[in-house]
Amino acid sequence: MTEKLPKLFSKADLARRWGVTRQVVKNWELRHEDFPKPVMWVHDNSLPLYIEKDVLVYEKNKGLVKPPQA
């Protein structure tokens, strides 16, 4: 039986998704209290991963979601 795992993002993934640098993502993490919290750390606890549902909420709250183009 295969379990469906939730989609996870690294900071590099978020930077590409939002069209900014990883440093901007790090700055937002430090400055915004509502930035998603990591749900898991990998690579010897040096790489935080963020769950998609938290990322979607943050994007909506910050206006980072672009409306679909017709």
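What is on screen is a predicted model, in which local features need pLDDT of at least 70 and side-chain atom pairs count only at pLDDT 80 or more, while totals for chains, interfaces and linings use all residues. Residues are numbered from 1 along each chain as its sequence is written, and side-chain values use heavy atoms, with hydrogens and water left out.

Glutamate 59 is found in helix α3, where helices (H or I, at least four residues) and strands (E, at least two) are DSSP runs, numbered from the N terminus. With a relative accessible area of 4%, glutamate 59 is buried; buried means under 20% relative accessible area, exposed over 50%, and partly exposed in between, with a 1.4 Å probe and protein chains only.

The term salt bridge stands for a side-chain nitrogen of Lys or Arg within 4 Å of a carboxyl oxygen of Asp or Glu. Arginine 17, at 37% relative accessibility, counts as partly exposed.

Now widen the view to helix α3 as a whole. Val55, Tyr58 and Glu59 are buried in α3, and they cover an arc of only 100° around the axis (the arc being that of the directions from the helix axis to the C-beta atoms), so they lie on the same side of α3. Turn to the other side of α3, and Lys53, Lys60 and Asn61 are exposed there. To see what covers the buried residues of α3, show the elements that include β1 (8–9), α1, α2 and β3 (47–51).

Follow the chain out of the helix: just after α3, glycine 63 takes a positive phi of about 70°. Leucine 64, in the segment after α3, counts as partly exposed at 24% relative accessibility. Leaving aside neighbours within four places in sequence, leucine 64 is in contact with Trp18, Trp28, Tyr58 and Glu59. For a distance label, pick the C-alpha atoms of leucine 64 and tryptophan 18, which are separated by 6.7 Å although these residues are 46 residues apart along the chain.

Which residues are linked in a network of salt bridges? Select Lys11, Lys26 and Glu29, which are linked in this way. Glutamate 29 forms a salt bridge with lysine 11, the closest N and O atoms being 3.0 Å apart. Because glutamate 29 lies in helix α2 (residues 22–31) and lysine 11 in helix α1 (residues 11–18), the pair ties together parts that are 18 residues apart in sequence. Lysine 11 is buried, with a relative accessible area of 16%.

The side chain of glutamate 29 also meets that of lysine 26 in a salt bridge, at 3.3 Å, N to O. Glutamate 29 and lysine 26 are three residues apart in helix α2, and therefore separated by about one helical turn. Lysine 26 counts as partly exposed, at 33% relative accessibility. To close the tour, display every salt bridge under the stated rule, for which the count comes to five.

Terms used
Contact = heavy atoms within 4.5 Å.
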